[in-house]
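Please read these notes beside the sequence and the 3D view. They take up the metal site and then the domains.

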Amino acid sequence: MRVQVEGTALPIASADGVIGIDIGGTKIAGIAVAEDGSVLARGSVPAPASVGGAAMADAAAALALDIAARSGSPLTAVGVGAAGVIDHETGVVRAASATFVDWAGFPLGDELSARLSVPVRVENDVNAFLLGEAARTAPGERDVLGVMLGTGVGGAVIIDGALRHGPHGAAGEIGHTPGYSDLMCTCGQIGHLETLASGTSIGRRYAERIGATPLDARPVADRARGGDPDAIAVFRAAGRALALACASAATLLDLPCAIVGGGVAEAWDLLAPTIAETLRTDAPVSGLPLRIVPATLGGDAVALGAIEAVRRALVPADAH
Ligand SMILES: [Zn+2]
């Protein structure tokens, strides 16, 4: 069952047997929540990304059934946020990184629906992240940018209350917009936002400055908090590039709010001063205020957004 619906935010809840699943490269996580937002059940299993799409679907289906059983409601629908470029209407993975074997072209939605005999909705994981965060972190906002600062930099956009997918499902890919540095990006091009603002890049930029082997962003953040000028400099560069990218998107689309998630956003104390400074010098010329705020749902955002995605798909448009 596939229903194409755009509409206003519904409360994220799955007391009715809706399970949210977050499929990543190392882990598949799932959650069921009550109407009041409390967690009914959750779980995770290792992601067999190197085995293939069928193994991923098997693992995700088993997890969904396990969580449903523990939540006390029979499974009625599954929302999925999955890594890769996703055709949200068909649930097919259009493209994926090489670490996912047999993932590009895999009909994930149909394969899960066949295993579980319930409706399944699949979204890109950053889109799902933004659906979840927008409902909880920026309620009432109908136009929101989402940026995920993780291993790479992902992005998503909600316009007039609905996810904007674009004709190729690639709307919001802010991480690969150019002009922020002269460094090589993971995609092979030069100067993208990701070269300064991803966790991987923060570790690399710091290592280059001190002549060490690359490390994770978290120890760099610890060193910045301890006063290390090189660590502070890479977080300042990340914060400025992030704020400039958000200001560009806000200027283009009149977006009043950007929500920033992913592991790097845990160092919000290090990013916030530079973001505020950049918004003063490079504010959208509309003069309208742009809020750039940290995500609040932590590791649950993608799975919670996936619940929101499937609920929206199942509720007729005239019910909104
Ligand atoms: Zn790139």
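1. The zinc ion is held by four donor atoms: ND1 of His176, SG of Cys185, SG of Cys187 and ND1 of His192, at 2.0 to 2.3 Å. Donors here are N, O and S atoms within 2.8 Å of the metal (3.2 Å for Na, K and Ca), and water is not among the atoms, so sites may look incomplete. Along the sequence, the donor residues follow the spacing H-x8-C-x1-C-x4-H.

2. This is a predicted model, in which local features need pLDDT of at least 70 and side-chain atom pairs need 80 or more, while totals for chains, interfaces and linings use all residues. Residues are numbered from 1 along each chain as its sequence is written, and side-chain values use heavy atoms, without hydrogens and water.

3. Why is the arrangement around the zinc ion tetrahedral? The four donor atoms subtend angles of 99 to 117 degrees, and four donors count as tetrahedral if all angles lie between 85 and 135 degrees.

4. Cys185 counts as buried because its relative accessibility is 5%, whereas Cys187, at 41%, counts as partly exposed. Buried means under 20% relative accessible area, exposed over 50%, and partly exposed in between (1.4 Å probe, protein chains only).

5. The chain is divided into domain 1 (18-130 + 299-319) and domain 2 (141-296), with bounds from an automatic or database domain assignment. In the contact (heavy atoms within 4.5 Å), domain 1 takes part with 10 residues and domain 2 with 21 residues.

6. Between domain 1 and domain 2 the count of salt bridges is zero; such a bridge is a side-chain nitrogen of Lys or Arg within 4 Å of a carboxyl oxygen of Asp or Glu.

Definitions and conventions
Tetrahedral: all angles 85-135°; square planar, octahedral: opposite > 155°, others 65-115°.
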